[in-house]
Amino acid sequence: MSLFDLLILAVGLSMDAMAVAICKGLSVQKLKPRHALITGLYFGGFQAGMPVIGYFLGRQFSAYIESVDHWIAFVLLALIGANMIKESFGDAEECNCSFCPRAMLPMAVATSIDALAVGVTFAFLNVSIVPAVSFIGIITFTLSAVG
């Protein structure tokens with residue numbers, strides 16, 4: 001995987017985290033530099049950590065997953081889509097302007113689930129994991145902190 005491919009992948013992975021970071025920044029009355037740092041660390045850390053988990057899971061279970069990987073992706077995307085449709089008919093959510101772990105952790109996990117799947121793909125493609133996840137983490141940290 002070339003550096004350009006990795007850059008495009010890292011930017012693509014970080015877009016949802018950046019969008020959430022922008023919304024989080026808009027939810028506070030007075031934005032402080034520590035808010036940007038906290039947001040960047042959570043999102044960048046999880047975007048870097050999830051591919052590592054996916055990589056090792058992919059290495060362990062690649063023989064079992066290869067034959068049904070497309071069905072797993074289909075079911076996961078269908079569940080996510082169904083949940084989004086269900087939530088669209090629900091009541092509006094409250095604005096939470098806290099930067100505590102209880103508020104940031106679910107958002108960081110939710111925005112980095114796609115990175116878990118990328119980690120599984122890295123295992124199948126034999127990508128060097130440490131430079132790849134470092135690059136993804138740095139790009140996501142930067143874009144989330146700016147957002």
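Leaving aside its neighbours within four places in sequence, with which residues is S112 in contact? The legends below take up this and other close-ups of a predicted model, in which local features need pLDDT of at least 70, side-chain atom pairs count only at pLDDT 80 or more, and totals for chains, interfaces and linings use all residues. Residues are numbered from 1 along each chain as its sequence is written, and side-chain values use heavy atoms, with hydrogens and water left out.

View 1. Beyond its neighbours within four places in sequence, S112 is in contact (heavy atoms within 4.5 Å) with F46, Q47 and M50. S112 has a relative accessible area of 0% and is therefore buried (under 20% relative accessible area, with exposed over 50% and partly exposed in between; 1.4 Å probe, protein chains only).

View 2. With neighbours within four places in sequence set aside, H35 is in contact with K30 and F99. H35 counts as buried because its relative accessible area is 8%.

**View 3. The aromatic pair of Y55 and F56.** A search of the whole structure finds 1 aromatic pair (ring centres of Phe, Tyr or the six-membered ring of Trp within 6.5 Å; planes under 30 degrees apart are stacked, over 60 edge-to-face, the rest tilted). Y55 and F56 form this edge-to-face pair, at 5.4 Å centre to centre and with 80° between the planes. Y55 is buried, because its relative accessibility is 10%.
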